[in-house]
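Please look over the sequence and the model shown here before reading on.

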Amino acid sequence: MGVRSSRRRLPAFYPSVRQRPLARLATGIERRVKRALFDCRMCGNCLLFDTAFTCPMSCPNGTRNGPCRGSSSDGCFVDPTSECTWLYIYQRAERRGNLERLLEVNAPLDGRRVGCETWLTAYELWRSQHPRPRLRDLITNRARPNAEWDAFWHKLRQPSWWQGDSQYHPPAYVQKISRLEAALGAHQFVVSAEVAPPMEPTGDRIAQVAASLKGYADTANFTDNPLGVPRMSGLACAIHSLKNGLEPVLQIQTRHRSRHDFQAEALGAVAVGVRNILCLSDDIGRLGPGPRPRPELSDIDAVQALWILRRLRDEGIDVDGEPVEHRPRYFLGAAASPCAALPKYEAIVTEKKINAGAQFLQTLPIFDRARFLEWMEALDKRNLLGKVFLMPSVAPLKSPRHARFMANDVPGVTIPSSIMARIEDAADPQEEGIQIALDLIAELKDTGGIHGLHILCPGQEEVVQRLVKETGLRAFVPRAGAFSGNGRHKSGNGRGRSASFNLSGSMDQSAFDLDYLSGKKPNRDWDI
């Protein structure tokens, strides 16, 4: 029995390029040995040394930097009959004392290397080293190989066009890029609202949204085919939103996009004035009504997407490792799943996204505040709260069916039994869902380390208005102080223990006053 992550056994890759006879022989031998021991799929860029000798490519999505939507003991999100590969990796790495190795940002697959050997390449690299790491030191001198061999393996698995690492990279600019970034930097409590793009090919719906959110939300998130249902593109929505005075946050999923498509869309967004980009992994359309597309490997994941866009902006290096003459400017965000797995594991996923380039985080809907605070405490222990702006999400439940859907079918969402009982027993479930949201907002807004809230009720802008009004969010000023374990503030500079760069804004905020249009309430809703 090999070191396998689950009952799933996915087929191995084969070379798509012509190999030399020696390389072809080495590839055949390596495939048989590593297939038997590790269920290796022969990706051509082996990560077994970092992933506790468990092949991450046994994940159906092929994610190389962590789980697609959070490691869950309930099973794989894509293939519920098998366990989550990445949860298995975390558990094995923890037993071996190697959790920190999982922080390195790994490269996407290189089609020239997929299916090819790694051992021969490793030998050739070893021979080119001066001085070479000594094989006998692996047995006789454990102190020396810890440094020399680690450097050797890092050079082997990090191609020159990628150069991933496990370090934090603060933004290489001072002037704030967007209204959202400026407001967060000026310690304003920011409110954002989720907007489902319309299905009709007009901008009328976006104009209605902008009118309805005037004075209630600072930004609007335009989703990217939510639940795998085709809608107007997020970029088109962002363009209409800008025309109507509402600053957009453009969500870009890695679903069915190559790395070049992803970079091209980001560049196009910047060209039309979009300054906030939220990088997301794909959901393969599993939550949609169907028929579903065939599950395929994602070319890139959310961590890699952040790394690509950060390097393009801060270093002037594109996805292929080539220098660019003109650097784009954008404020990068990512999603977080506080309740998906154990907080210590989710903190690793979050740190990896922050290191890769995430400057603000929006979470999956929060219903269990105690679990959320455990995750924040895990972030605080890793000195992360001073490196990112945190915006938890609140989603008003509309019915018992909606609550069961969120709890059972949306990975990473946990609803306590007390809230389920409230919505199940309510005479008016929709009103009770709003009351639950009001209670959660009242608790979350006074939590140290929180910089704003993201409200998830697409198509119900009147609910956004009510939540903001009744909780006083527009007039709320977060108190200075850092996060403490009980969720309250503690004295300090308001940045947590890990403030390694200045999050404060330096721009004249009068230049960022949002002047939205007024208008009537939209008539479209999501029916879940």
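This is a predicted model: local features need pLDDT of at least 70, side-chain atom pairs count only at pLDDT 80 or more; totals for chains, interfaces and linings use all residues.

Residues are numbered from 1 along each chain as its sequence is written, and side-chain values use heavy atoms, with hydrogens and water left out.

**The whole chain**

The secondary structure of the protein chain comes to 16 helices and ten strands, where helices (H or I, at least four residues) and strands (E, at least two) are DSSP runs numbered from the N terminus. Of its 528 residues, 60% count as buried, a term that means under 20% relative accessible area, with exposed meaning over 50% and partly exposed lying in between (1.4 Å probe, protein chains only). Among contacts (heavy atoms within 4.5 Å) with a separation of 6 or more, residues 24 or more positions apart account for 79%.

**Two helix pairs**

The table sets out two pairs of helices; the axes are lines fitted to C-alpha atoms, for helices over the stretch in contact, and angles run from 0 to 180 degrees between N-to-C directions.

| Helix pair | Axis distance | Angle |
|---|---|---|
| α2 (residues 85-96) and α11 (residues 343-356) | within 11 Å | roughly 105 degrees |
| α14 (residues 417-425) and α15 (residues 429-444) | 8 Å | about 150 degrees |

From α2, the residues Leu87, Tyr90, Gln91 and Glu94 meet Lys344, Tyr345, Ile348 and Val349 of α11. In the other pair, Ile419, Arg422 and Ile423 of α14 touch residues of α15 that include Pro429, Glu432 and Ile436.

**One face of helix α8**

Which residues of helix α8 (residues 234-243) are buried? They are Gly234, Leu235, Cys237, Ala238 and Ser241. Seen down the axis of α8, these buried residues fall within an arc of 155 degrees, so they line one face of the helix; the arc is that of the directions from the helix axis to the C-beta atoms. The buried residues of α8 pack against α7 (204-212), β2 (219-222), β3 (247-253) and α9 (259-271). After α8 comes Gly245, whose phi is positive, near 85 degrees.

**Individual residues**

Lys34 lies in helix α1 (residues 21-38) and is buried, with a relative accessible area of 4%. Leaving aside neighbours within four places in sequence, Lys34 is in contact with Asp39, Cys40, Cys46, Leu48, Thr118 and Trp119.

Leu385 has its place in the loop between α12 (369-381) and β7 (389-394), and at 6% relative accessibility Leu385 counts as buried. Although Leu385 and Gly448 are 63 residues apart in sequence, they are 9.8 Å apart in space, C-alpha to C-alpha.

Two cysteines are also buried: Cys116 has a relative accessible area of 3%, and Cys279 has one of 1%. The count of disulfides comes to zero, taking a disulfide as a pair of cysteine sulfur atoms within 2.5 Å.
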